[in-house]
Structures are given as C-alpha cells and as structure tokens.
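Thanks for coming, everyone. Please put the model up on the screen, and then we can walk through it together.

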Amino acid sequence: MQEWQVNCFTYGTIVRIRSLPHWARLLVTMVAVPSVGCVGAVDGSAGPLGGGPRDVEYPDGFEAGLLDEPVPSTRFARLTHEQWENTIEELFHLDEPSGLVGELRTDTAGGSLFANEGSLLEVDAALWGGYQRAASAMAERLLAEPALLASIVPPDEGDAEARAEAFVKAFGMRAYRRELTEDEVTTHLAIFAEGAEAFPNADAFDAGVAIVVEAMLQSPYFLYRAERSVDVKGGKIPLSSFEVASRLSYAIWNSMPDDVLFSLAQSGTLSDPTTVKGQVDRMLEHDKARATLAYYHRMLLASDRLLTINPDQGTFGDVAGGLGAALETANAMTIDEIVSNQSLGLKDLLLQPTTFVNAKLASVYGLEGTFDADTFTKVELPPETVNGVTTQTRAGFVTQAPFLALNASSKESDPIHRGVYIIERITCSPTSPPPNNIPPLSDASGTTMRQKVENLTEGEGTVCAGCHKTTINPFGFALENYDAIGQYRTEDHGESVDTSSTPPLDGKPVAVDGPIELSQALAASPQVHQCYARHWLEYLYARTDVPEDSPLLERVGDHSLTDDLSVKELIVDLVMTDAFLTRSVEELPEASQ
Amino acid sequence: MKMRRRVVLKGIGGAALALPWLEGLAGKAAAQGASVPPYAIFVRQGNGVKQQWNGPFGLEADEWFPKQLGAISAASLQGQALESLTPYASKLLVVRGTNQPNVDSQVGCGHARGGLTCLTAQGPTSATMGAGVNALANGESLDHRIGRELNPDGRESLALLARGPSTYLDYVLTYSGPGARRNPVTNPWTAYQTVVGEGGNLDTTAMELLQKRRKSVNDLVRDQMTSLMSSPKLSAADKQRLELHFDSIRDLEDNLMCNLDDVGYAELEGKSPGYASDLGDEVLQAARAHMDIAVLAVACGYTRSAAIQIGSGNDGSTRYSNLDDNAPMENFHYLSHRRLSHDAMGDVIPNSDLLHHYVDIHFMRAYKYLLDKLSAVELINGDRLLDCGVAVFLNDLGNGPAHSARDVPIVLAGSAGGLLKQGQHVTVNNGDYLEGNHAQLLNTIGTAAGLRKNGDQYLDDFGDPALPKGVLSELLA
C-alpha cells in the first residue's frame with residue numbers, strides 16, 4: 001500500500017492541562033480528544049475553552065474590572081530574550097541594542113503563540129552561562145566607556161561610600177524593578193567592595209560599579225519579573241506598585257518601566273486605578289507600543305511565514321518571484337496603519353479594504369495606475385470588473401493577498417487551510433487533526449478546487465465529513481473567489497466558482513455568499529471578538545487562557561463588538577482589571593496537591 | 001558570534017596548527033583513567049532518506065542502506081549514501097525494520113510526529129493532540145534520561161542544533177519530560193562555553209581573578225534564589241523551575257582538560273558562523289563544530305549523552321550543495337517531496353530523487369566526521385573513544401514523500417564497550433512489521449549507554465508503556 005503524507009499545516013491551539021485545576025483538566029481533556037473534534041464550533045457547546053458564547057449574568061452595580069478574577073499564575077516570569085535585550089538597552093541608556101542577546105541560547109521550545117508564556121521560560125545550564133558572559137561583557141564595557149559608566153552613577157561629591165550606596169540604591173531599583181531592602185543594600189555594598197580586587201586595573205569606584213552591575217544582571221530579581229506580594233485584600237492579592245509598573249511595561253512595551261512609572265511606583269500611586277489608566281493611555285501612544293501591536297498581529301497571522309511561500313512560476317509568471325517578501329511588507333504596513341496610525345479595531349481589520357501595494361501587488365489586485373517596484377503606496381482596494389461585472393471584491397485581511405497567499409498551495413487555492421486558520425485563530429474553535437493516509441487533493445475528482453475538496457472530504461459517513469462539511473470547508477469555500485496568490489476570480493479551471501456556504505459562528509450556521517459577506521459575518525460575530533480578546537489576554541498576561549477568564553473575555557469581546565473598540569481600547573479593557581492587577585490567593589494546582 | 005579573538009589569535013602559527021585539536025584530547029582523556037564510561041551521541045537528519053519508494057519517478061531504488069543484510073563490506077556500501085562510512089565498516093551496526101509509533105492522527109503532521117517520537121518513543125501529550133507543529137511529546141527523550149541518571153550531578157545532556165531559518169517547525173528533538181521540549185544550543189561557541197564554563201585559555205592570574213569574581217556573584221545569586229525557593233507561597237511549578245535555575249549555577253573550575261587549545265579555538269571559530277545559515281555547507285560545518293563539542297564533552301566527562309539536530313523540523317530552508325557542481329540545490333524539504341512546494345501541488349523537480357540522495361551523502365559525510373573525531377581519541381589503555389559508547393545516526397522519517405514512520409534509517413557506530421554487534425546490517429523482528437518497535441531500539445541504545453533497570457537489568461521501560469518493550473536482541477553482540 002502506498003502511504004501518503006499527513007498534510008502539515010495547522011495553527012494548533014495549545015492548551016496546557018498542567019496549569020489548570022483538576023476539574024478543568026477533565027473538561028479540557030474531553031474537548032481535546034480527537035473524537036470530540038469540531039463539535040464545539042458547531043453547536044456552541046465546546047466547554048470552557050471553546051469559542052461558543054455563554055450566558056453570564058452580571059450582578060447589579062457591576063463595573064468593569066471589579067468581578068474579574070485573577071487566576072493562579074507564575075510568580076517568576078523569566079524575561080524573554082527580546083525583553084532582556086530591550087531592558088539592557090534602557091537600563092544603560094544605550095542608543096542601540098547591546099547585541100549581548102547573542103550570548104543567550106535561543107528559546108525555541110514551548111509552543112505558545114507569543115513565545116512569552118512566563119511559566120515555560122526556564123534557565124538551564126546553557127542559558128545561565130550566557131547570562132554570566134553577558135553580565136561580564138556589560139561590566140567590562142562600562143569600564144571601557146567612562147561616559148557610559150557615568151550615566152548610571154551619581155555625581156562624585158567627595159564621599160565615595162555615600163556615592164556607592166546611592167548607586168546601589170538607584171541602579172538597584174531600576175535593575176530589580178523595585179526598591180532594595182536595607183539588607184540587600186548592605187549585601188551589594190559588600191560586593192561593591194570586592195570590585196577593586198576583581199578589576200585591579202580599574203579605578204576602585206568604577207570597579208565597584210562594574211562588579212555590582214555584573215552581579216545584578218545575574219540576579220533572579222533582574223532575570224525574572226518577580227511578584228512576591230502575599231497580602232490578601234478582598235480575597236485577592238493586590239500587586240505592589242512596582243509589580244504593577246513591571247506588568248504594564250512588559251505587557252505594553254516589552255521592556256522595563258520608564259522613569260515615570262518608577263516615580264509613581266515609589267510613591268505607591270499605582271494602586272490607584274485612575275493613575276493606572278492614565279499610564280496605560282500614555283504608554284499606548286508611545287512608539288514602543290506600536291512595536292507590540294505589530295508583534296501581536298505578526299504572530300497571530302503567522303505572517304513571518306510569508307517569506308517562505310513559493311508560488312509556482314509556471315502558473316503565475318514573474319509576479320511569483322519575491323511575492324512573499326512584498327506581501328509580508330504590505331501586511332505589516334497595513335496592520336500598522338489600521339491599528340496604530342488610525343487607532344482602529346478588529347472590525348476595521350476585518351472590513352477595511354485598506355492595504356499597501358508596490359507594482360507587483362498592484363498587479364495582483366488588478367489596480368490601474370503607476371506603481372513603483374520598491375515603494376509601497378496606501379490604497380483603498382476598489383471594486384473590480386470581471387467579465388463585465390463590477391463588484392466590491394475586497395474587504396479586510398481575510399480577503400487580501402497576504403492571508404490568501406499564505407494559506408494556499410503553490411498552484412491552487414486552499415480552502416481547507418484557509419478554513420482551518422479562520423476556525424482556529426479567528427473563532428478559537430478546536431479542530432481535530434486529519435486522519436492517516438490522506439490522498440493528495442490533486443488526485444481527487446472534480447474540476448474546481450471546491451469540487452475536489454467536496455469529493456475528497458465530504459463523503460457521507462466518512463471520518464472527514466464530520467469536520468469538513470459543516471465546519472472547515474464552509475469558511476474556505478466562501479474565499480474561493482481568490483486563487484493561490486490572492487487574485488480575484490469568478491472561474492476556477494473554466495467553471496464558475498461557488499462561494500455560497502454556511503460557516504458555523506456563535507453556535508449556529510450562518511449563510512454567506514462570498515468573501516465580503518464572510519468578512520461581514522466575522523466582524524459581526526461575538527465569538528470572533530471574544531477570540532481576538534482571548535489572544536490579547538494570552539499576550540498581555542503572558543499565560544494561556546483558562547476557564548475562569550471566560551466572563552472577562554465575554555465582556556471585552558462584547559465591548560469590542562458593540563462599541564467598535566479600537567485595539568488600544570481593547571488593551572485598556574484587558575489590563576484595567578483585577579485579573580491583570582492582582583494575584584490569585586490560590587497557588588498553582590501542583591502546590592495544593 | 002563573539003569569539004575571544006585575543007585568545008584565538010595569540011596562539012595561531014607554528015607546529016600547533018598542524019595537529020587537529022581533538023587529537024590532543026588523547027592525553028586529556030587518558031588523564032581521566034583507563035576508560036571512558038559508555039555514552040550515546042545522537043545525530044538527527046529530517047525528511048527521510050532515499051530508500052525504496054514508489055513516487056513520481058516510478059519505483060525509486062534504495063540508495064541508502066547497505067545492499068545486503070549481514071556483514072557490512074566496502075562492496076555492500078558502494079554507491080549507497082553510507083559509502084563514506086566504509087573505513088568504519090567493521091564498527092557499524094545498520095538497523096532495518098524499526099518503526100515509530102503510528103500517531104499521525106494524534107499529531108496532525110508527519111514531520112511533527114517524527115520529531116517528537118524520534119528520541120522519546122512517545123506520542124503527543126493529551127493537551128497538544130492535533131496541534132500539528134505545536135504538538136509536544138508525552139515523555140522524556142533518551143538523551144535526557146541518560147544525562148539525568150548518569151551524568152555528574154544529574155546534569156542535563158547537551159542539546160545542540162544547527163539549522164537555517166525556520167518559520168514552520170524548528171527544534172523537535174529533546175524533552176526533559178512530558179510536554180517539556182528543551183531549548184537547544186545553536187551557536188557552537190555557546191555550546192563550548194556551556195561545557196567548559198567561561199575562562200578557557202586565560203592565564204593563571206586572570207583565571208584566578210575570574211574565578212573569585214564568579215564565586216562572589218554566584219554566592220549572592222544562590223542566596224537570593226535560596227530565599228525565593230524557601231517561600232511557602234511558591235507553587236510547585238515555580239519551585240521546579242527555580243531549582244533548575246539554581247542547579248545550573250556552577251562555579252568556574254580551572255578545568256584544563258576540557259579547555260580547547262588555541263588551535264581548537266581557531267577551528268571552532270572557523271566552523272561556527274553558519275549555525276543559522278540556509279546554506280547546507282555552512283550548516284553542516286556548524287554541525288561538525290557541534291560534534292567537536294560533543295566529543296569534547298564526552299571525553300572530559302561533562303556528559304554521557306548529546307543530541308545534535310541538523311536542520312529545522314522539516315529542513316524547509318536549507319539548501320545543500322549539488323555534488324555535481326557544488327551549487328546550492330532547492331531546499332531540502334522540496335527535494336524530499338520531489339516537488340517545488342512544501343505541499344503536493346508544485347511541479348516535479350527533475351532528478352529530485354537523485355538530489356535527495358546527494359543530501360543523504362552530505363549527512364553521512366558529516367556523521368563520518370563524528371566517527372573520525374571519536375576514533376581519534378585514544379585512551380590510556382589503547383581503546384578508542386569510539387569503542388566506549390555509541391554514535392547514533394537517525395532520521396525522524398523513513399522517507400520523504402510519504403513521511404513514513406516505517407523502516408526509519410538507523411546507524412549505530414561503536415560497540416559501547418562490547419555490548420553492541422559490530423560490522424553488521426541487521427533487520428529486526430525477522431523483517432515483519434511491528435508498530436512502535438522504535439521503543440525497543442531506544443531501550444537498546446539506552447542500555448548501551450549504561451542505563452539499567454533495578455541496578456543490573458537491561459533497560460526496558462523507556463517510551464510509551466503501550467509500545468513493544470525490551471531490547472532488540474538482534475543488536476546485541
């Protein structure tokens with residue numbers, strides 16, 4: 001018997017059972033096993049992690065944030081390597097990244113969508129050695145660059161001991177992101193005193209600074225976002241002002257707090273919601289937040305993979321060459337324009353026909369006019385005329401070339417994987433893996449891609465039909481107006497394309513005809529808005545979502561839908577909560593067993 | 001890469017350059033004692049090999065395994081991908097008939113299945129079933145088990161990776177436990193520093209200063225971590241992670257035996273930069289540097305296991321060179337599919353079956369380099385390091401186009417102190433298909449590396465308990 005490959009193309013929603021309470025583990029296990037498969041998306045009964053809507057009654061007097069419960073999470077989220085490098089840059093007031101991140105062994109494990117899940121980031125022998133070398137290199141750089149060293153120490157007013165103590169306190173606060181205790185000051189001054197012997201060729205004070213820096217950069221208080229608050233108030237553990245400052249800065253800026261946040265933390269005012277709200281608003285307007293918004297969407301859309309697509313030259317001609325890179329650029333610029341420049345939200349991402357094109361992409365979209373090969377120009381994609389019929393052919397990102405070409409094979413459209421992407425990443429519904437020994441689509445009977453997919457996957461009583469017929473294919477079929485590189489079409493291999501389908505949304509089938517209606521249906525779906533909020537929660541909270549997050553996600557999702565929240569406003573909604581600003585009194589499940 | 005150029009440059013020149021640095025290990029290894037304990041070094045290739053398969057070119061001939069079962073000879077290797085191993089024919093044990101557990105339907109991607117089962121003999125965790133590229137193995141990998149049970153202080157095994165850029169499936173090979181995929185070291189220079197600690201080739205005074213500085217800092221950090229770990233409010237998971245961190249803090253030892261000499265530094269510098277390249281020649285050079293480090297680590301007693309992954313999960317960006325003209329070929333994943341695409345749609349690549357064979361030859365030449373280095377280290381009793389343990393070459397797929405879990409290509413070199421058969425091409429289970437007997441293979445390798453059950457029995461509990469158990473008697477001397 002000839003074997004065939006299992007098609008390797010899934011976005012895989014990761015659920016980590018070990019981080020859930022026992023009762024939730026059972027439920028997750030139930031929805032995770034293949035036999036349950038696509039049920040959640042079809043009938044809305046996916047259980048605690050499914051995407052279907054749930055009825056939640058809020059008590060009278062409910063205000064945003066008051067009822068959002070914190071869930072057990074790590075007290076020691078290790079900095080990601082990007083956060084580490086950003087922090088080094090700001091801690092030493094550098095003009096550019098230090099490059100020392102190259103000393104750190106890469107983080108390739110895990111599997112979380114955003115690679116920042118604190119409970120998964122470890123320090124092993126290889127990484128510890130990297131931290132050591134990087135700390136030594138930074139200490140040696142300080143000794144080699146007097147101006148750099150001067151930028152982190154108090155001015156010399158004649159009293160070396162007082163100056164050393166002032167340095168330890170001030171630099172220590174910025175390195176540990178909290179004030180040092182008196183004992184810690186004493187301990188670090190003892191290290192400071194060893195500097196002269198450790199660096200015999202350096203000035204004694206400078207040598208003390210160098211060895212303290214070397215020590216602090218290896219401290220767990222620097223390498224982890226340590227949250228040590230334990231005092232319970234109202235059934236929760238409020239974070240200290242310094243801990244709030246770090247949570248905000250690493251969530252929104254991917255780096256350490258700035259002087260404003262530290263100043264507020266020192267005064268203890270980050271326990272005041274109004275103050276926190278003001279800081280969140282300020283931070284979201286900073287360029288560092290723009291980078292965060294870009295990163296989130298790059299990971300969510302998996303747009304890095306555009307660089308690996310390889311449209312078939314024989315089918316698409318010259319436009320195929322370098323198309324992936326052009327699409328990747330256009331996608332990043334489009335996200336930046338909508339989310340950062342225009343401060344818009346999910347609805348706009350799904351509905352706005354805004355994009356950026358160079359000459360190559362203008363050709364893909366059939367645009368008239370003159371476009372430069374290297375310059376990307378913002379355009380509103382206009383209606384297209386195909387076979388004498390003029391119609392609006394584009395809406396938001398699922399109808400634009402980056403998404404369509406990314407979710408296609410080299411020659412043909414790929415309704416299955418377009419559907420899988422939408423189900424997993426846009427509706428947050430679980431899907432089952434494909435069974436063994438699937439023949440390639442190219443061997444299926446039929447003329448159009450839709451016919452081939454239907455014949456291969458929708459046979460009555462087959463194992464494939466369970467997921468494909470009512471869940472996966474309907475999303476993909478609605479996008480059959482686009483070929484493998486996202487060009488609009490009304491025919492496929494000489495036959496008219498059929499884009500009518502009934503994808504499942506919010507627990508029921510929704511009839512759509514074509515990509516515009518699909519985009520509108522997605523934009524109007526509470527499930528889709530909750531899913532988008534869920535991914536933001538994963539990123540901002542640096543953890544996988546859990547069932548207890550559901551009320552919060554439903555509220556934020558509904559807010560996004562009904563009030564046309566911008567992405568920035570959605571972030572405010574998620575961080576201005578007790579779920580973000582407090583800790584749970586319950587420790588992680590393993591501790592209570 | 002940040003090499004210590006001052007160290008590299010000061011010693012270059014003269015007679016020292018004439019000697020490959022690892023040969024200098026002979027004396028160093030001898031200083032350890034009469035022998036080196038058994039070990040296992042794993043080298044992994046992805047995408048399957050060109051063995052018999054019915055594809056777009058019709059029936060493709062097997063050009064990988066020795067031509068006949070039984071004694072391996074120059075004639076049986078001639079023309080096959082393994083031909084470059086001819087000088088080691090008497091040290092080889094080539095294995096046919098091992099099959100990975102067939103868990104494709106639980107994973108959703110053949111590459112991911114191959115990667116996660118390769119050294120674990122486990123399917124995916126229940127939490128990551130169906131997660132495709134994000135699926136994680138439901139158990140510890142063999143290299144880690146060896147390190148945990150046999151290394152000094154339970155030190156983790158060396159996990160090394162040389163590969164080009166990947167946006168699909170990156171590292172797949174080693175796990176510290178269920179769902180806990182490890183982070184490999186990619187830069188050989190970092191791998192070296194991990195083994196020796198910082199300070200290699202410093203003069204005595206500088207070394208003493210660095211040691212003292214390190215100790216002061218380490219003492220401070222240990223105190224801080226001890227304080228953190230003593231908190232009753234710490235969760236078990238947090239405590240476990242902090243303990244791993246705590247255990248990773250090592251004081252700097254003046255471990256002259258493990259330090260490279262100047263020639264070694266220079267060689268490492270020359271090989272390392274391509275560890276993340278998409279050019280196969282550079283990736284394989286970096287893989288050779290990783291092999292140098294693995295041999296060094298075994299010879300000086302740092303570890304008894306190391307696992308080297310070459311290429312990303314599906315090696316989808318690396319372009320190995322054409323043996324006819326040295327030009328980069330299409331990326332390996334395309335060649336393994338025989339098509340100009342990562343799927344089954346693109347145009348067929350002319351001669352891609354032959355080109356896949358060329359890639360196989362490249363990997364075998366790299367593997368031979370490992371055998372050369374192991375063989376170059378002579379112990380005080382006259383044994384060679386190669387004979388003390390086992391160097392394992394394996395692929396995480398049987399073949400490319402079908403992503404087969406069957407008949408996964410395996411080469412073992414070295415007898416592990418006489419435990420393993422040598423100079424033979426064998427098939428297991430009388431050639432009959434037995435799903436998941438890959439677990440038996442790993443139990444056999446674990447046994448060869450020194451793992452025992454209840455103190456003196458051969459290992460038989462590694463891998464998914466539902467899979468065939470015990471060692472493969474066909475492999476034992």
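First, a term: a salt bridge is a side-chain nitrogen of Lys or Arg within 4 Å of a carboxyl oxygen of Asp or Glu. This is a predicted model, where local features need pLDDT of at least 70, side-chain atom pairs count only at pLDDT 80 or more, and totals for chains, interfaces and linings use all residues. Residues are numbered from 1 along each chain as its sequence is written, chains are lettered from A and ligands numbered from 1 in the order in which they are written, and side-chain values use heavy atoms, with hydrogens and water left out.

Now to an example. B:Arg145 forms a salt bridge with B:Asp461. Their closest N and O atoms are 3.1 Å apart. Where do the two partners, B:Arg145 and B:Asp461, lie? B:Arg145 is in helix H6 (residues 142-150) of chain B, and B:Asp461 is in the segment after strand S14 (457-458) of chain B, so the pair ties together parts that are 316 residues apart in sequence. A word on names: helices (H or I, at least four residues) and strands (E, at least two) are DSSP runs, numbered from the N terminus.

Next, cover. Buried means under 20% relative accessible area, exposed means over 50%, and partly exposed is in between, with a 1.4 Å probe and protein chains only. B:Arg145 is buried, at 10%. B:Asp461 is partly exposed, at 40%.

Here is another pair in chain B. B:Arg182 forms a salt bridge with B:Glu156, with closest N and O atoms 3.7 Å apart. B:Arg182 sits in the loop between strand S8 (180-181) and H7 of chain B. B:Glu156 sits in the loop between H6 and S6 of chain B. The two are 26 residues apart, and the pair links distant parts of the chain. B:Arg182 is buried, with a relative accessible area of 7%.

How many salt bridges are there over all chains? The search of the whole structure finds 54. Some join up: A:Arg78, A:Arg105, A:Asp107 and A:Asp124 are linked in a network.

Let's move to where the chains meet. Contact means heavy atoms within 4.5 Å. The contact takes 79 residues from chain B and 86 residues from chain A. The area buried between them is about 7100 Å². Carbon and sulfur atoms give 55% of that area. Buried area here is the accessible area (1.4 Å probe) that two parts lose on being put together, summed over both. B:Arg213, B:Arg241 and B:Met345 supply 11% of the area that chain B buries against chain A, more than any other three residues.

Four salt bridges connect chain B and chain A. One of them pairs A:Glu197 with B:Lys212, with closest N and O atoms 2.5 Å apart. Are these two buried or partly exposed? A:Glu197 is partly exposed, at 46%. B:Lys212 is partly exposed too, at 43%.

On the side of chain B that touches chain A, the largest share, 12 residues, comes from H8(B).

Now look at H7(B). Nine of its nine residues are buried. Among them are B:Trp189, B:Tyr192 and B:Val196. What do the buried residues of H7(B) pack against? The partners are helix H4 (125-144) of chain A, together with strand S6 (158-162), helix H10 (262-271) and helix H11 (280-299) of chain B. At the start of H7(B), a side-chain oxygen of B:Asn187 reaches to within 2.9 Å of the backbone nitrogen of B:Trp189. After H7(B) comes B:Gly197, with a positive phi near 75°.

Last stop, chain A. Its secondary structure comes to 28 helices and 14 strands. Buried residues make up 59% of its 593 residues. A:Arg178 is buried, at 13%. Its side chain makes a polar contact with the side chain of A:Glu184, at 2.8 Å.

How values were computed:
A polar contact is a pair of N or O atoms within 3.5 Å; within protein, one must be able to donate a hydrogen and the other to accept it, and residues adjacent in sequence count only if both atoms are side-chain atoms.
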